[in-house]
Amino acid sequence: MLPERPRLSFDLDVDIAVVGAGLAGLTVALEAARMGASVAVLEGRHVGWNASGHQLGTVMPGFGLPLGDLIARVGFEDSRELWALSREGAEFVRANATEELIPGIAMSEGALEVSNVEAGDQLIARLQMLGEDFETEVEGWQVDRVRAELSTDHYFHGVYYPKAFQIDGRKYVHGLAALARRAGARIFEDTPVVSIDPSGIRKRIVTPSARLRASHIVLAGNIHLGAPLRRLSETLLPVWRYAAVTAPLGERLAETLAFRGSVTDSDGIDHFRVVQGDRLLWASPETTWPARPERFAPAIARRIETIFPRLGRVQISEAWGGAIGQTVHGMPQIGQLRKGLWVASGFGRQGLNTTAMAGQLIARSILWGDERWRLFSPFELVWAGGTTGRVAGYAIGMWARGSAAAAGALARYRERVRAKERIREVRLAEANRQAGTRGPQRRPPPGSPRPQPPANRESEGG
Ligand SMILES: Cc1cc2nc3c(=O)[nH]c(=O)nc-3n(C[C@H](O)[C@H](O)[C@H](O)COP(=O)(O)OP(=O)(O)OC[C@H]3O[C@@H](n4cnc5c(N)ncnc54)[C@H](O)[C@@H]3O)c2cc1C
């Protein structure tokens, strides 16, 4: 019997070719196949090989970029639209992550964002903004309430999102693949894309043992995209995030941690929740180079002991890691690089709702002419600094932990990066020109009519 997802070993013609079977690529494939397109997904290793198969399954609205920064960047109205899209992404996950569609997905409700510093005033402003302006259900928790649920003096106030939820992250990515296949998409594993010719109406893809032609190519390879468009990979800062699950902790866990949803801290350091009744699932350290995840098990155990000293010593059962792609501006890269060549990457730490949103936006643009992806046009492809940038990114990541001075350092770093960017953008434009691509297009000016669905699929884009 043939394996379910074989290597591509014969030439193929499809409407849409997707490079990468992570959350982003699989969501595009699922949506496009459901809309009736013929879709092939080419995955260099296997489904969920990188971050998508190693995430913690917390689904929140919004982006990795804090809301205040988003407003400063694109203004209030566009921020509201972007936020609404991010909520639609979360709803997409909710609609597909059901026990019926993905057995064993183990959905549970509610997530809590806790602050590491006394921030009562900011909390009220944040609640008002989220609740009133961004139509997101939230509750403010006073310090006492937070500490009644989480027995630690490390956290202060909290923002509770009753509509956020968590799922079994590994099951979800494999469930998406199964749903995409059921909808008619073909998924080929062990099939790295080695080159792309994006010119012409029918674009060409070369893999080690076959060629493929498609009207649209979606690049969803995250930091590993490599040879097909190296310049694109270089717009991402790879950050390896590590996670672990403890051995059963028995009664002491319930005594220390009553809250059963996901907890994230406002500095983006800790992210945890209780799983299987009495274990802790915990993500914490990050590096800008790959390392064996087991190396980080002691650090994660120590971090748990620091935050929850009542737990005493904890044993780690399993540790793992995955690389996330961080953009310089902190927002995902979603859009059309040139006619029929799409990008969906840079989802950072918050990839579940944002990859779902990207998948929907791209499939709907290709097949229905929905142009809302252009809201992401202000977030251009910015060079992430190669090796030097990675080292600088790491140093800044370390400083940022808990230090207000780091915010200034980061701002200054970004300033310097922006200055360099201007020079590099010229070079990148030249490289893109040579590779036959151009940067994401700008959004049409306000007041211009919404594009209509194209009469002919091939004729959209631009
Ligand atoms: C420890 C950890 C915990 C996390 N927890 C959460 C969480 O709780 N909630 C949340 O929202 N997000 C979380 N994230 C972030 C989330 O996992 C990522 O943002 C998301 O998985 C990115 O998905 P992706 O499809 O862009 O990338 P990837 O998962 O990296 O997928 C890209 C795929 O493309 C393939 N590929 C690349 N180049 C090629 C090529 N040339 N040819 C063929 N295939 C190629 C790769 O092999 C890979 O499988 C977490 C991440 C980590 C590491």
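Q: Which residue does aspartate 13 form a salt bridge with?
A: That's arginine 213, with the closest N and O atoms 3.9 Å apart. Keep in mind this is a predicted model. The two sit 200 residues apart in the chain, aspartate 13 in strand S1 and arginine 213 in strand S10.

Q: Is arginine 213 buried, partly exposed or exposed, and why?
A: Arginine 213 counts as partly exposed because its relative accessibility is 32%.

Q: What network are Asp13 and Arg213 linked in?
A: A network of salt bridges that links Asp13, Arg202 and Arg213.

Q: How many salt bridges does the count come to?
A: The count comes to 23. One of them joins the side chains of glutamate 31 and arginine 364, at 3.7 Å from N to O. That pair links helix H1, where glutamate 31 sits, to helix H10, which holds arginine 364, and the two are 333 residues apart.

Q: And glutamate 31, buried or exposed?
A: Glutamate 31 counts as buried, at 8% relative accessibility; the cut-off for buried is under 20%.

Q: What about aspartate 270, which residue does it form a salt bridge with?
A: Arginine 303, and the closest N and O atoms are 2.8 Å apart. Aspartate 270 is in the loop between strands S12 and S13, while arginine 303 belongs to helix H9, 33 residues apart. Aspartate 270 is buried, at 1% relative accessibility, whereas arginine 303 is partly exposed at 25%.

Q: Switching to the ligand: how many residues surround it?
A: The ligand is surrounded by 39 residues, and the closest are Glu43, Asn50, Ser52, Gly348 and Leu352. By class, that shell has 17 nonpolar, 19 polar and three charged residues.

Q: Which backbone atoms lie 3.1 Å or 2.8 Å from a ligand nitrogen?
A: For leucine 56, a backbone N or O atom is 3.1 Å from a nitrogen atom of the ligand. For arginine 349, the distance from a backbone N or O atom to a ligand nitrogen is 2.8 Å. There's also leucine 352, with a polar backbone atom 2.7 Å from an oxygen of the ligand.

Q: How much of the ligand does the protein bury?
A: The protein buries 98% of the 1000 Å² that the ligand exposes when taken alone. The elements giving two or more residues to the shell are helix H1, strand S11, strand S15 and helix H10.

Q: Last topic, backbone angles. What's the phi of glutamine 276?
A: About 50 degrees, a positive value although glutamine 276 is not a glycine. This residue is in the loop between strands S13 and S14. Glutamine 276 counts as exposed because its relative accessibility is 63%.

Definitions and conventions. Residues numbered from 1 in each chain as written. Predicted model: local features only at pLDDT ≥ 70, side-chain atom pairs only at ≥ 80, totals over all residues. Heavy atoms only, no water. Near = heavy atom within 4 Å. Polar contact = N/O pair within 3.5 Å; in protein donor to acceptor, adjacent residues only side chain to side chain. Areas by Shrake-Rupley, 256 points an atom, 1.4 Å probe, with all protein chains shown as cover. Helix = DSSP H or I, 4+ residues; strand = E, 2+ residues; numbered from the N terminus. Nonpolar A, V, L, I, M, F, W, Y, C, P; charged D, E, K, R; others polar. Buried < 20%, exposed > 50% of the residue type's maximum accessible area, 1.4 Å probe, protein only. Salt bridge = Lys/Arg side-chain N within 4 Å of Asp/Glu carboxyl O.
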